[in-house]
Amino acid sequence: MSRSIILVLHPSRPEAHRLATEVVQELAKAEISVWSSSEVEIPGVERKSTDEIQGSIRKHELVLVLGGDGTILRGAEIAHGSDIPVLGINLGHVGFLAEIKKPSVSHLVSAIKNRSYKFEKRMTLTYKVIRRDSVVAEGWALNEVTVERNTEAMIELLVQVDHRPLSRWGCDGVICATPTGSTAYAFSAGGPVVWPDVEALVLLPLAAHALFSDPMVVSPDSEIAIDVESEIGVLSADGLRKFQIIEGDRVLLTSEKSFVSLAHLEDVAFTDRLVAKFKLPVDGWRGE
């Protein structure tokens, strides 16, 4: 049976293009074909449209991403709804979704040939926008969904949890993040770091004019509703999928039943990722 993988590249990193060229050449020797919708031409890669790739996603065994965490989100978008794992090779700053250290070409190709990965499942978030009793937009996110202003004025939002009112905020917006997203936008806005295997949602108002505007950790079984009380705003899912919202819209947020599967070449503890990312002071630790 023929084998194939999908390649997702950072579009403007020459290092990603060089690594892709080497990897594709070595995979061809093992009769593993490579598909990509990237505009970057890599010798030996079968160029397909994004629709073609997503329509045949279950025929492939892996999504290989060469880039940073942002590029991995694009890879997750392709793999979403399937059990196909996403393997990210970080070529920039240390991230939370990719390998901490860039592997050699031989190590990477050997792992793909032998399917020698470590797997972890990451929970996702789903959203719906209700307008006059009709669903006008819906989708999902691996990191976060934000409801934000897109004018100079604050946006007025009434937030509810499990059909009970929580607070009305005049603010820059509200973030709802998964544990994966807790180290992304939500973290930069002052939210807590949540370990990936903790099933929870982070709810965080942005620059709210209120006595209470602290980040909250919410049950993954809860339903969060955000009523838009300003003229206009924008919903953003992972910064990739955007939808303009208007006064009277209701945004419903819940954890999704499906997961995104991340593959890793090395079994690295999340604690070690935090230490590497932020260069935390652990010198002198007496453990093993």
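Author: Before we look at any single residue, a helix here is a DSSP run of H or I with at least four residues, and helices are numbered from the N terminus. With that in hand, please keep in mind that the model is predicted.

Reader: Which residues of helix H4 are buried, and what arc do they cover around the axis?

Author: The general idea is that an α-helix has 3.6 residues a turn, so residues three or four places apart point the same way. In this structure, helix H4 spans residues 105–114, and its buried residues are Val-105, Leu-108, Val-109, Ala-111 and Ile-112. These residues cover an arc of only 160 degrees around the axis, which puts them on the same side of H4. The face turned away from that buried side carries the exposed residues Ser-106 and Asn-114.

Reader: What covers the buried residues of H4?

Author: The cover includes helix H1 (14–29), together with strands E1 (3–9), E2 (32–36), E4 (63–66) and E5 (86–89).

Reader: Is Ser-230, which lies in a loop, buried or exposed?

Author: The idea is to compare the relative accessible area with a cut-off, since under 20% means buried. Ser-230 lies in the loop between strand E14 (224–228) and strand E15 (232–237), and because its relative accessibility is 13%, Ser-230 counts as buried. Leaving aside residues up to four places away in sequence, Ser-230 touches Met-154, Ile-155, Glu-156, Ile-246 and Glu-247.

Reader: Where is Ala-225 placed, and which residues does it touch?

Author: Ala-225 has its place in strand E14, and with a relative accessible area of 6% this residue is buried. If residues up to four places away in sequence are not counted, Ala-225 touches Leu-158, Val-159, Gln-160, Arg-250, Val-251 and Leu-252. Ala-225 and Thr-126 are 99 residues apart in sequence, whereas their C-alpha atoms are 12 Å apart in space.

Reader: How many helices and strands does the protein chain have, and what is its radius of gyration?

Author: The protein chain has six helices and 17 strands. Its radius of gyration is 20 Å, close to the 19 Å that the globule rule gives for 288 residues, so the chain is as compact as a globular protein of that length. Buried residues make up 51% of the 288 residues, and, of the contacts with a separation of 6 or more, 65% are between residues 24 or more positions apart.

Technical notes. Residues numbered from 1 in each chain as written. Predicted model: local features only at pLDDT ≥ 70, side-chain atom pairs only at ≥ 80, totals over all residues. Heavy atoms only, no water. Helix = DSSP H or I, 4+ residues; strand = E, 2+ residues; numbered from the N terminus. Rg over C-alpha atoms; globule rule 2.2 N^0.38 Å. Buried < 20%, exposed > 50% of the residue type's maximum accessible area, 1.4 Å probe, protein only. Contact = heavy atoms within 4.5 Å. Arc of directions from axis to C-beta.
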